[in-house]
Amino acid sequence: MLARAGSTRELDAVAAVVAACRPPVLVLGRGSNLLVADRGFPGLVLVLDGDFEQIDVRDDAVRAGGAVLLPVLARRAAAAGRTGLEFYVGIPGSVGGGAHERGWPRAGDP
Ligand SMILES: Cc1cc2nc3c(=O)[nH]c(=O)nc-3n(C[C@H](O)[C@H](O)[C@H](O)COP(=O)(O)OP(=O)(O)OC[C@H]3O[C@@H](n4cnc5c(N)ncnc54)[C@H](O)[C@@H]3O)c2cc1C
């Protein structure tokens, strides 16, 4: 089963279903670091979109949702004169996937 959540409210609703039914859960980013068996995934696949695709560039910080594409984040930050995220322009994943897999992006990485 596939569920999409575009806001924290929708995410809360998905979390309530998961708490009640306890299916295996897979959060799917851009799939750049995933191999899925031909038999599929026997549970709930969650895709973030909507609010989680937002980027907020401020004077002192760059905030990005978990569904933001890393190359998009790198380009938006660079266009706003923020340095340090240039490396991510070549990585075809999402902020959430990168954080899950590698613990980045963080200031100073890679
Ligand atoms: C050509 C290429 C180059 C790459 N270069 C690098 C590199 O230089 N350095 C590097 O570290 N990695 C690299 N990667 C690996 C990969 O791109 C990163 O790990 C990427 O950020 C994964 O993001 P994704 O959205 O594709 O995650 P997916 O492949 O969709 O998911 C990967 C894992 O993260 C979990 N996940 C995804 N989104 C979320 C979320 N929002 N919340 C919680 N968990 C989540 C998934 O459940 C899964 O376990 C590369 C991959 C490719 C194909």
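This is a predicted model: local features need pLDDT of at least 70, side-chain atom pairs count only at pLDDT 80 or more; totals for chains, interfaces and linings use all residues.

Student: What makes strand 2 and strand 3 a pair?

Tutor: Two strands pair if DSSP finds at least two bridges between them. Four bridges join strand 2 to strand 3 (residues 44-48), so they pair, and they run parallel. Among the bridge partners are Val27 and Leu46, the latter in strand 3.

Student: And why do strand 1 and strand 2 count as edges?

Tutor: The open sheet has three strands in the order 1-3-2. Strand 1 (2-5) and strand 2 each have a single partner strand, so one side of each lacks a neighbour in the sheet.

Student: How do you know what Val68 touches?

Tutor: Contact means C-beta atoms, placed from the backbone, within 7 Å. Leaving out residues up to four places away in sequence, Val68 touches Glu53, Ile55, Leu73, Ser94 and Val95.

Student: Which residues are closest to the ligand?

Tutor: Gly29, Ser32, Gly93, Gly96 and Gly97 are the closest of the 21 residues surrounding the ligand; to be near, a residue needs its C-beta atom, placed from the backbone, within 6 Å. Helix 3 gives the largest share of that shell, six residues.

Technical notes. Residues are numbered from 1 along each chain as its sequence is written. Two residues are in contact if their C-beta atoms, placed from the backbone, lie within 7 Å. Helices (H or I, at least four residues) and strands (E, at least two) are DSSP runs, numbered from the N terminus.
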